[in-house]
Amino acid sequence: MKKNTILRFITLLMSIMFVIGACAVDSIPNTIAVIMVYVPMGWWFLFLLANPDVTIEQVLGKWGRD
(Lines give C-alpha, C1' and ligand atoms only; values in the text may rest on other atoms or scores of the structure.)
Protein backbone atom coordinates (compact mmCIF):
# COMPACT_ATOMS: atom_id res chain seq x y z
CA MET A 1 0.00 0.00 0.00
CA LYS A 2 1.11 3.49 -0.68
CA LYS A 3 1.82 5.94 2.09
CA ASN A 4 -0.84 8.38 0.88
CA THR A 5 -3.52 5.70 0.94
CA ILE A 6 -2.70 4.86 4.55
CA LEU A 7 -2.74 8.54 5.56
CA ARG A 8 -6.08 9.09 3.80
CA PHE A 9 -7.55 6.05 5.53
CA ILE A 10 -6.36 7.24 8.95
CA THR A 11 -7.76 10.71 8.25
CA LEU A 12 -11.10 9.19 7.24
CA LEU A 13 -11.20 7.16 10.46
CA MET A 14 -10.35 10.26 12.48
CA SER A 15 -13.19 12.15 10.77
CA ILE A 16 -15.68 9.42 11.61
CA MET A 17 -14.43 9.24 15.19
CA PHE A 18 -14.69 13.02 15.54
CA VAL A 19 -18.31 13.10 14.33
CA ILE A 20 -19.34 10.24 16.63
CA GLY A 21 -17.53 11.80 19.59
CA ALA A 22 -18.97 15.25 18.93
CA CYS A 23 -22.48 13.79 18.81
CA ALA A 24 -21.93 11.92 22.09
CA VAL A 25 -20.27 14.72 24.08
CA ASP A 26 -23.48 16.12 25.49
CA SER A 27 -25.36 12.81 25.69
CA ILE A 28 -23.35 10.95 28.29
CA PRO A 29 -21.14 12.73 30.84
CA ASN A 30 -18.00 10.65 30.42
CA THR A 31 -14.47 11.25 29.25
CA ILE A 32 -14.51 8.76 26.37
CA ALA A 33 -16.55 11.09 24.14
CA VAL A 34 -14.24 13.99 24.97
CA ILE A 35 -11.22 11.87 24.07
CA MET A 36 -12.95 10.91 20.83
CA VAL A 37 -13.10 14.61 19.97
CA TYR A 38 -9.59 15.63 21.04
CA VAL A 39 -7.64 12.78 19.43
CA PRO A 40 -8.77 13.61 15.86
CA MET A 41 -8.19 17.30 16.53
CA GLY A 42 -4.62 16.46 17.54
CA TRP A 43 -4.18 14.33 14.43
CA TRP A 44 -5.47 17.12 12.17
CA PHE A 45 -3.24 19.67 13.92
CA LEU A 46 -0.13 17.55 13.43
CA PHE A 47 -1.15 16.74 9.85
CA LEU A 48 -1.54 20.43 9.03
CA LEU A 49 1.78 21.28 10.68
CA ALA A 50 3.50 18.70 8.48
CA ASN A 51 1.60 19.82 5.34
CA PRO A 52 0.97 23.58 5.54
CA ASP A 53 -0.01 24.00 1.87
CA VAL A 54 -2.35 21.02 1.54
CA THR A 55 -5.93 21.50 0.33
CA ILE A 56 -8.99 19.45 1.26
CA GLU A 57 -9.11 18.01 -2.26
CA GLN A 58 -5.56 16.71 -1.90
CA VAL A 59 -6.32 15.15 1.49
CA LEU A 60 -9.48 13.41 0.34
CA GLY A 61 -8.06 12.31 -3.00
CA LYS A 62 -10.40 9.82 -4.63
CA TRP A 63 -13.09 10.70 -2.08
CA GLY A 64 -12.83 14.35 -3.06
CA ARG A 65 -13.74 16.21 -6.21
CA ASP A 66 -10.76 15.26 -8.40
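View 1. Thr11 is buried, at 9% relative accessible area (buried is under 20%, exposed over 50% and partly exposed in between, with a 1.4 Å probe and protein chains only). This is a predicted model, where local features need pLDDT of at least 70, side-chain atom pairs count only at pLDDT 80 or more, and totals for chains, interfaces and linings use all residues. Residues are numbered from 1 along each chain as its sequence is written, and side-chain values use heavy atoms, leaving out hydrogens and water. The Thr11 side chain makes a polar contact of 3.3 Å with the side chain of Trp43 (a pair of N or O atoms within 3.5 Å; within protein, one must be able to donate a hydrogen and the other to accept it, and residues adjacent in sequence count only if both atoms are side-chain atoms).

View 2. H1 covers residues 3-24, Thr11 among them (helices are DSSP runs of H or I with at least four residues, strands runs of E with at least two, numbered from the N terminus). Buried in H1 are Thr11, Met14 and Gly21. They sit on the same side of H1, because their arc around the axis is only 95° (taken from the directions from the helix axis to the C-beta atoms).

**View 3. The whole protein, for context.** Of its 66 residues, 14% count as buried. Among contacts (heavy atoms within 4.5 Å) with a separation of 6 or more, 50% come from residues 24 or more positions apart.
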